Amino acid sequence: LLLISPRCSHRIPRMLRAAALTISIGSACGFSVNFFNKPSIGRDVRAGVVALNMIDCHGGAHLSVEQKKALRETAELVARSGKGITACDEGPGTIGDRFEKVGIVNTEENRRLYRQMLFTNPVGSDYLSAAILDPETIFQRSDAGEPFPSLLMSQGIVPGVKPHLKVATLPGAGGATVMQGLDSLGTRCRSYYEAGARFAKWRSPLVIKDGDISDLAVRTNMEDLARYALICQSEGLMPIVEPDISLQGDYDLETAIRVNVKVQSHLYKAMLDHGVYMEGTTLKPNMVNPGKSCQRKYTAEELGEATITVLRRCMPCAMPGVNFLSGGQSLEDAAARSESLAPSSLPSFAPDAG
């Protein structure tokens, strides 16, 4: 067996994108050729053939023109300038903890009423482009009998869903984790789409230890994100990919930049290798911050520039937009760091409102 994987890389010059978004990227594409005995293209591989594997970078060739158009339109709606995503995807257990603090009994009906209160806010559509829902909420209705996804869409808010399950520890990997839920994902995505969801969001949490994240943890999680994206697109859901690097630790900003570039580069490469249609996806990463225990203090402007630096170094221009994860930060810090992105010609990069 001879495996040949030629790679061609090129630099795309800085270009104007999405209201003066200027980023410089490098992209890679290639193919693999497997040789079994004598070349005989078209015969069964098991009989011994040349297998031309053009999976790398095929950009959603398995999708129809109509499917690609719908995915791209959803991505552009979610990434609308000046608006953000609200994350209403707490599971029954998580929201139960919050209900308990204010004396509310955690029942399905109370959860439905709480969601209805949020989704009928008269000014919500002024600020929101999309809403991420828990699977339970996708199938619930308002008092008037209207499905929640339909209610949101009527206000111009794109409804989406959190399809992943729970975090699991990788044995013998120093505490590294993966997100569960790829099994039966296609079936679940199909039911979510039929219920009215038009996008999905998958979070892959990562932790920096001793100044880095292990190659195993990065590779496993980013390939899972790529498989999730591929499956979602095949079922009509626009995938939001969310590599989430924890603020736990004392690493500095320079380390954060380096590790974020490493993680996102692996993510985009995995997505390309899996044949994900990049124009029909969006990114929801953490803002680039030092660890919470870092002794050095940085300004919001320095953190904003670090976030932009990571995107300039590796984000494909094909992806329509970014919504930043605000988790782990105070509302004040998240707002200040989001604001710091504005002077750097990035008006289409909106914070996650969750």
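**Exercise 1.** Find the bridge partner of isoleucine 85 in β7.

*Solution.* In this predicted model, isoleucine 85 has alanine 130 as its bridge partner in β7. Next, take the strands: β6 and β7 (residues 128–133) are paired in the parallel sense over 5 bridges. Strands are DSSP runs of E with at least two residues, helices are runs of H or I with at least four, and both are numbered from the N terminus. Two strands pair if DSSP finds at least two bridges between them.

Residues are numbered from 1 along each chain as its sequence is written. Local features need pLDDT of at least 70, side-chain atom pairs count only at pLDDT 80 or more, and totals for chains, interfaces and linings use all residues, while side-chain values use heavy atoms, without hydrogens and water.

**Exercise 2.** Give the strand order of the open sheet of 6 strands and name its edge strands.

*Solution.* The order is β6-β7-β8-β11-β12-β13, with parallel pairing. At the edges stand β6 (84–88) and β13 (282–283), each of which pairs on one side only.

**Exercise 3.** Describe how α2 and α3 pack.

*Solution.* Helix α2 (residues 92–101) meets helix α3 (residues 108–119) at an angle of about 80°, and the axes are 11 Å apart. Axes are lines fitted to C-alpha atoms, for helices over the stretch in contact, and angles run from 0 to 180 degrees between N-to-C directions. The two helices α2 and α3 are therefore roughly perpendicular (65 to 115 degrees). Contact (heavy atoms within 4.5 Å) involves Pro92, Ile95 and Phe99 of α2, and Asn110, Arg111, Tyr114 and Arg115 of α3.

Notes
Parallel < 35°, antiparallel > 145°, perpendicular 65-115°, else oblique.
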